[in-house]
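I opened this entry to keep track of what I looked up in one structure.

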Amino acid sequence: MKKTSILLFLCFILMPMAQGIVLGPKAVEKWFQKVPHAKQKVTKFHFYFHDIASGKNPTAVQIAQSNMTAKSPTFFGFVAMIDDPLTVGPEPNSTLVGRAQGIYGAADQNESGLLMTLNFVFVTGKYNGSTLSVLGRNPAFHKYREMPIVGGSGIFRLAQGIATAKTYWINTTSGDAIVEYNVVVLHYDI
């Protein structure tokens, strides 16, 4: 019981302080009062997204499919939940900078097009605990794909921007893939 109490204390009391930004309704209200006078800044990120569907520890798992998914050339109706590592380099053991957490689904009957709804959750440095939210179409076999950044949390409150994806490596048999991301985000410097 004592260990549980300590863990809860660390998670709910110290976590907001570790993120470098105060959380809670009053803190957000105070933050919003500063927005009209705040400058916007551009922040750029480059990282690799490791989508692993195979093996003992997959980071992408199927959670649903339609009656026609198995017959569809584009796997229309397939839905996966992800908790994919984001790393500095393409190697699986490269330095972790965050995680991509969310859902993607095959939403196109004519080509391989995914609906991506996920958060880039940063776990290191000054962005630790902050997120960027992605919601958009990912035509997976195009060379470059653009998806909008529609918001964020922590340092990235009210963020907007573009995430550009390019497949670095894919195994079409297992479904495993490594995707290079370049992200440009506009956010308030408060």
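My notes on these topics follow, and the model is a predicted one.

**Strand pairing.** I began with β3 and went through its partners. Strand β2, residues 60–64, pairs with β3 in the antiparallel sense over four bridges. In that pairing I found V61 opposite M81 of β3. β1 and β3 are also antiparallel, with two bridges, and Y48 has T87 in β3 as its bridge partner. β3 and β4 run antiparallel and are joined by nine bridges. There L86 has G98 in β4 as its bridge partner.

**Nonpolar core.** I then turned to the largest nonpolar core, which has 30 residues. The members that touch the most other members are F45, F47, F49, F120, L132, Y181 and V183. At least two core residues come from each of β1, β3, β4, β5, β6, β7, β8 and β9. β5 gives the most, with five residues. I looked up V183 in particular: neighbours within four places in sequence aside, V183 is in contact with T43, K44, F45, F47, F120, L132, I149, I162 and A163.

**R157.** Last, I checked R157, which lies in the loop between β7 and β8. Leaving out neighbours within four places in sequence, I listed contacts of R157 with I21, V22, L23, A27, V28, W31, G152 and Y188.

Terms used. Residues are numbered from 1 along each chain as its sequence is written. This is a predicted model: local features need pLDDT of at least 70, side-chain atom pairs count only at pLDDT 80 or more; totals for chains, interfaces and linings use all residues. Side-chain values use heavy atoms; hydrogens and water are left out. A nonpolar core is a set of buried Ala, Val, Leu, Ile, Met, Phe, Trp, Tyr and Cys residues joined through side-chain atoms within 4.5 Å. Buried means under 20% relative accessible area, exposed over 50%, partly exposed in between (1.4 Å probe, protein chains only). Contact means heavy atoms within 4.5 Å. Two strands pair if DSSP finds at least two bridges between them.
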